[in-house]
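Here are my notes on the model. Please read them with the structure open.

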Amino acid sequence: MYRASALFTERSVDGRRGRYTNDKYRPHYLWRVRRNSRWLPLAICALGLLLWTTFPTVTKELNIVPIPRIPAGSLSVQEFYEQYGDRTVIIEGGVRHHPAFQLGFEGLKELCGGGTLDTALYSSDMEDEVLRVRDRGPMFLRDYIDQYLTGHTKGDPRVLVSTLASSLPVMCPALELQTPFPSYVSSALQGFDEVRNSSDGKQHRLLASQPEIFIGPQGTKSTTHMDNFLVPFWMAVYAGKKTFRTIPYEDSIKHMPYYTGVRNAQPNRYKKTVLSKWPWTFQKKQLEIWDPDLETFPEVTKVRVYEGTVNAGDWIYLPPATLHAVYNTEDTWAVSVNSLPPPTFSKFVDICADNHFIMGCTRILEGIEECNDLQTKEGLKNCLADSDLVHSIQKEYDEGPREKYLHEYASYDGFEPWCEAVCAHVNDLYSLTSFRTVFDTSKGGKAKEEMEVMKQKLRHVCGSCNSNPFGLT
Ligand SMILES: O=C(O)CCC(=O)C(=O)O
C-alpha cells in the first residue's frame, strides 16, 4: 500500500491534497510519500524488468530480399553499371567458359597442390576476429584438399582466411591463366603491393596479395564484415555453391552505423553487452548474421538483407562498402578481388570521405604520385581526376573492356615475366623473415617457423615460373 502510493507523482498527490501547501501542516504519511518519490525511477525500472521477464517477446524477422540475377552477356558493361553498379548482383554463367571451371578439386590439387595456404577455424564465440577464426596455421593445398574436401575428414573443417598466404599469386601463380577477370571488372583500380621496374625499363604495379582464393567444405562460413578499402568486391565461384547475405551501404549507415560511423572504428568486431533474462547475468553477444539474435540486434530487422546463392560458373558483384557474409552451401573454391571500376569512383569518394577515410580506403591509391597525402574529399576527387594511371584505366573502360589475365592487368607482356616478378617479391619477403630470426626471442622460435613456411612458398612460386629465376628446386 505504502509502496504503491510512492508511484504517484508529486503533482498528483498535491492535486489530490491541494489544500496542503505548507509542509508544516502536511500529514505525516504524505511527507513519507514525497520523500520516497526519489525511488520512482527505480520502481518504474523494476516494473519494466518484471514485465520483460514475464511476457514473451515479439518475434522479429529479417527482411530478406533475393539478390538479382542476370544471365552472362545480357548487358554491355555500361548497361551493367547503370543498372547494377549500386546493387549486389549475380552474373549467372559468367565464368563457366574459364578453364578453372573444368578443374574440380582434383584438377586444382594437381595444378596447385604444392602451394601453401593459411588455414583457420571458424568459431562463433571468437570475439576479436574479422572472420571469427582461431588456430591459424599453414597447410599444403594438396593436404587440405585430401583431408577436408575429397577425403571428408570428420571434425572441425578448416576455412581459408584472407591473408597474403591465400593470395592466388603466392599460392599458385599458374592458376592465373585459368581464372581471367570478367570484362565488367577488368578495367579497375586496385591496390598494389609494390611498383617493380622490369629490365625493359617499364614500371609495373605488382599485385601479389590479390586475387584471393577461398576454399572450404560445406558448412564453413564467414560472418558479417565490410572489406578494407571500402571498394567494390567480386567473386567468381569455380566449384560448389556459396550463399551470400549482403546489406547495402545505404541501409547499414542508417541502422548499423557501428560498421562505419566512428573514426578509426573497429567495425568488423561488433558486439553488445546485454542483460540476459532470469537468472540475470551480463553477456557479451556478437552479431551472427547466419543465426541472428534479433532481440539483441533489433536494428538488423530494419535493413534489407539480400540473399542469393552463387553456383559454380557464376560470379557476384558487390558495390562499395557492402556488408557481407558468406556460407559455403557445398564444398567450394572461388577467387575474389577488391577493386574500383571507373563508374564506382564517385560513390567510393563519398563513402571514403564521409566516413573520415576509415578502413584504409585511401590505400587503394597508395603509390600513385598524384594521390600523396590525401586528407580531404576535394583532394581525393582531384587525385582521381589528375592521375595518369586512372586516366589509362578510364580510357580502357570507355573503349569497352575485355576479359584480362592478372599479368595483363599488371601490364606484363606474359605469364613468365609476371611470375618472375612475383617470385622476386616473395624472395624479398623471405629475406625479411630470415632477417627477423636473428632477433627472435619468442618461445617456440616463431620467426624460424615463419621462415620455413616462406621458404616453401618461395620454392613453389619460383618453381612455377617456366624460367625458374632463382634456380630453386
Ligand atoms: O568466401 C568467403 O568465405 C569469404 C569471402 C569474403 O567475404 C571476402 O573476401 O571478403
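1. The crossing of helices α6 and α7 is left-handed; the term applies if the near helix is turned anticlockwise from the far one by less than a right angle, and right-handed applies if clockwise. α6 covers residues 104-112 and α7 covers residues 141-150; their axes lie 9 Å apart and the packing angle is about 165 degrees. That makes α6 roughly antiparallel to α7. On this scale, angles under 35 degrees are roughly parallel, over 145 roughly antiparallel, 65 to 115 roughly perpendicular, and the rest oblique. Axes are lines fitted to C-alpha atoms, for helices over the stretch in contact, and angles between N-to-C directions run from 0 to 180 degrees.

2. A word on provenance. The model is predicted: local features need pLDDT of at least 70 and side-chain atom pairs count only at pLDDT 80 or more, while totals for chains, interfaces and linings use all residues. Numbering starts from 1 along each chain as its sequence is written. Helices (H or I, at least four residues) and strands (E, at least two) are DSSP runs, numbered from the N terminus.

3. Which residues make the contact of α6 with α7? From α6 come Phe 105, Glu 106, Leu 108, Lys 109 and Cys 112. From α7 come Leu 141, Arg 142, Ile 145, Leu 149 and Thr 150. Contact here means C-beta atoms, placed from the backbone, within 7 Å. By class there are six nonpolar residues, one polar and three charged. Ala, Val, Leu, Ile, Met, Phe, Trp, Tyr, Cys and Pro count as nonpolar, Asp, Glu, Lys and Arg as charged, and the others, Gly among them, as polar.

4. Next, α10 (residues 345-354) and α11 (residues 377-386). Their axes come within 9 Å and cross at roughly 155 degrees. The two helices are therefore roughly antiparallel. This crossing is right-handed. α10 contributes Phe 345, Val 349, Cys 352 and Ala 353, and α11 contributes Lys 377, Leu 380, Lys 381 and Leu 384. The contact has six nonpolar and two charged residues, with no polar ones.

5. Helices α14 (residues 415-438) and α15 (residues 446-464) cross at roughly 165 degrees, with axes that come within 9 Å. α14 is thus roughly antiparallel to α15. Their crossing is left-handed. Among the α14 residues that meet α15 are Cys 419, Val 422, Val 426 and Tyr 430. The α15 side includes Met 451, Met 454, Leu 458 and Val 461. The class count is twelve nonpolar, five polar and five charged.

6. Now the sheets. Six strands form an open sheet with mixed pairing, in the order β2-β3-β16-β11-β18-β9. Strands pair if DSSP finds at least two bridges between them. β2 (69-71) and β9 (212-216) are at the edges with a single partner each, so one side of each has no neighbour in the sheet. From one strand to the next, the twist averages 20 degrees. Within this sheet, β11 (residues 233-239) and β16 (residues 315-318) run antiparallel and are joined by four bridges. Met 235 stands opposite Ile 316 in β16.

7. A further open sheet has five strands in the order β1-β15-β12-β17-β10, again with mixed pairing. Its edge strands, β1 (63-66) and β10 (221-225), each pair on one side only. Neighbouring strands are turned by 20 degrees on average, direction ignored. β10 and β17 run antiparallel, joined by three bridges. Ser 222 faces Val 326 across this pair.

8. What surrounds the ligand? Ten residues do, and the closest are Phe 214, Ser 222, Asp 227, Val 326 and Ser 336. The cut-off is a C-beta atom, placed from the backbone, within 6 Å. β9 and β17 (323-328) each supply at least two shell residues. The shell divides into three nonpolar, four polar and three charged.

9. Two backbone items to check. Most residues other than glycine have a negative phi, and most peptide bonds are trans. Gln 210 and Pro 211 are joined by a cis peptide bond, with omega about 0 degrees. Pro 211 is in the loop between β8 (203-206) and β9. Phe 229 is not a glycine, yet has a positive phi of about 80 degrees. Phe 229 is in the loop between β10 and β11.

How values were computed: Contact = placed C-beta atoms within 7 Å.
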